[in-house]
Amino acid sequence: MNALIETWLGPLNARWQQLGQREQLALRVLAMVVALLAFWLLLIQPIRHWQQNADQQLSNAQATYQSLLQKAPQAMSSGLVAANPSSDSLNTELRRQANRFGLTIQGFEPDGDLLRVRLDDARYSQVVQWLAALQAQGVTVDQLTLNGRDQPGRVQVLAVLRR
């Protein structure tokens, strides 16, 4: 390794020694200028560019946020109307969601604002998805009874629901 370094640096060191004091000083200053220029171009400029991009993205995000804040009351009021469909009865919504998840409802019993529902032989995973979809539509589960069936993963469901 030393031989390799000596091979490359030996002639450069001999050449350096042959230069006069003023020439050595000029080369040192030139090397410092080149080092500072490289430092500026390879480190400072990319960091400044990255910071400017980040500032621009932050400015865009803040403008979007302010715009959303201004539009939020209108969106919330229109969203409430859509999330609580008054034209669909609870019965219709239950059947629609049950069909969506491949469930067959065996019976309905209205009880005031409550609705008792019975599913005799349903897959547990489909029942869970069905109940989650109903909750997303504003239907709450007051009571839920799940009874296991002879086949694994199958249940009988007795539920009391309300909107």
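This passage describes the overall form of a predicted single-chain model and then the surroundings of some of its residues. Residues are numbered from 1 along each chain as its sequence is written, and side-chain values rest on heavy atoms, with hydrogens and water left out. Because the model is predicted, local features need pLDDT of at least 70 and side-chain atom pairs count only at pLDDT 80 or more, whereas totals for chains, interfaces and linings use all residues.

The chain contains four helices and four strands, where helices (H or I, at least four residues) and strands (E, at least two) are DSSP runs numbered from the N terminus. Read from the N terminus, these elements follow the order α-α-α-β-β-α-β-β. The radius of gyration of the chain is 38 Å, well over the 15 Å that the globule rule gives for 163 residues, so the chain is more spread out than a compact globule; the radius is taken over C-alpha atoms, and the rule is 2.2 Å times the number of residues to the power 0.38. Along its principal axes, the C-alpha trace spans about 105 × 50 × 20 Å. Of the 163 residues in the chain, 18% are buried, a term that means under 20% relative accessible area, with exposed meaning over 50% and partly exposed in between (1.4 Å probe, protein chains only).

A nonpolar core is a set of buried Ala, Val, Leu, Ile, Met, Phe, Trp, Tyr and Cys residues joined through side-chain atoms within 4.5 Å. In the largest such core, which has 21 residues, the members that touch the most other members are L94, L103, I105, V117, L119, W130 and L161. Helix 3, strand 2, helix 4 (124-136) and strand 4 (154-162) each supply at least two residues of this core, and the largest share, five residues, comes from helix 4. With neighbours within four places in sequence left aside, W130 is in contact (heavy atoms within 4.5 Å) with residues including L94, Q97, F101, V117 and L161.

Q97 is placed in helix 3 (residues 90-100) and, at 1% relative accessibility, counts as buried. Beyond residues up to four places away in sequence, Q97 touches W130, A133, L134 and Q137. L115, in strand 2 (residues 114-123), is likewise buried, with a relative accessible area of 7%. Apart from neighbours within four places in sequence, the contacts of L115 include L90, L94, F108, A159 and L161. L115 and R162 lie 47 residues apart in sequence, yet their C-alpha atoms are 6.3 Å apart in space.
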